[in-house]
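Colleague: Please take a close look at a single part of this model, the strand pairing and its surroundings. I would like one connected account.

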Amino acid sequence: MAVATSIKKWVVLYPVYINSKKTIAEGRRICTTKACENPTCLEIGDCCSHFKLPYAIEIDKAYPRDFMQIGRVRVLLKREDGTLCNPAIATRKQLMLHVAELVPRHPGRTKKQEPASTSNAGTSKSGKGGKKKR
């Protein structure tokens, strides 16, 4: 019960913050080279659990600048006594960089890319056939 009330003090992480497809004006907070493509709240949550950080996904919340971006993740970086939950991650910025680095390797993401690559392979096969005729 005490945890639920203290969630308001946790760090908020919107997927837009680490989305390489967004501009800084649209809400990205880290450089595009370190950001990842279209992260989801679930992927960010899984990354937080990988870093052994307590997190809470709030699906009913939207990003204020773009209210079509639904969902955010709350993460506990420091306990109430001030000690870090994960000594490697002390700030919001470090959290964003670590999560953005890990999201592309997310197991759900690798599965999603396989069907896309097979459909691309189907179109590229016809493209290859065209190239052979030339």
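Modeller: Two strands pair if DSSP finds at least two bridges between them. Strands (E, at least two residues) and helices (H or I, at least four) are DSSP runs, numbered from the N terminus. This is a predicted model, in which local features need pLDDT of at least 70 and side-chain atom pairs count only at pLDDT 80 or more, while totals for chains, interfaces and linings use all residues. Residues are numbered from 1 along each chain as its sequence is written, and side-chain values use heavy atoms, with hydrogens and water left out.

The open sheet has 3 strands in the order β1-β3-β2, with antiparallel pairing. β1 and β2 are its edge strands, each pairing on one side only. On average, neighbouring strands are turned by 30 degrees against each other, direction ignored; axes are lines fitted to C-alpha atoms, for helices over the stretch in contact, and angles run from 0 to 180 degrees between N-to-C directions. Between β1 and β3 there are 3 bridges, and Leu13 stands opposite Val73 in β3.

α3 lies across β1 and β3, at about 35 degrees to β1. Contact here means heavy atoms within 4.5 Å. Leaving aside neighbours within four places in sequence, Val99 contacts Leu13, Ile18, Ile44, Cys47 and Phe51. Val99 is also, with Ile18, Leu53 and Leu95, among the residues with the most contacts inside the largest nonpolar core, which has 32 residues. Such a core is a set of buried Ala, Val, Leu, Ile, Met, Phe, Trp, Tyr and Cys residues joined through side-chain atoms within 4.5 Å. At least two core residues each come from β1 (11–13), α2 (41–50), β3 (70–75) and α3 (92–102). The most come from α3, with 5.

Glu58 counts as buried because its relative accessible area is 15%; buried means under 20%, exposed over 50% and partly exposed in between (1.4 Å probe, protein chains only). The Glu58 side chain makes a polar contact of 2.5 Å with that of Arg72 and one of 3.4 Å with that of Arg74. A polar contact is a pair of N or O atoms within 3.5 Å; within protein, one must be able to donate a hydrogen and the other to accept it, and residues adjacent in sequence count only if both atoms are side-chain atoms. Not counting residues up to four places away in sequence, Glu58 touches Ile7, Gly71, Arg72 and Arg74.
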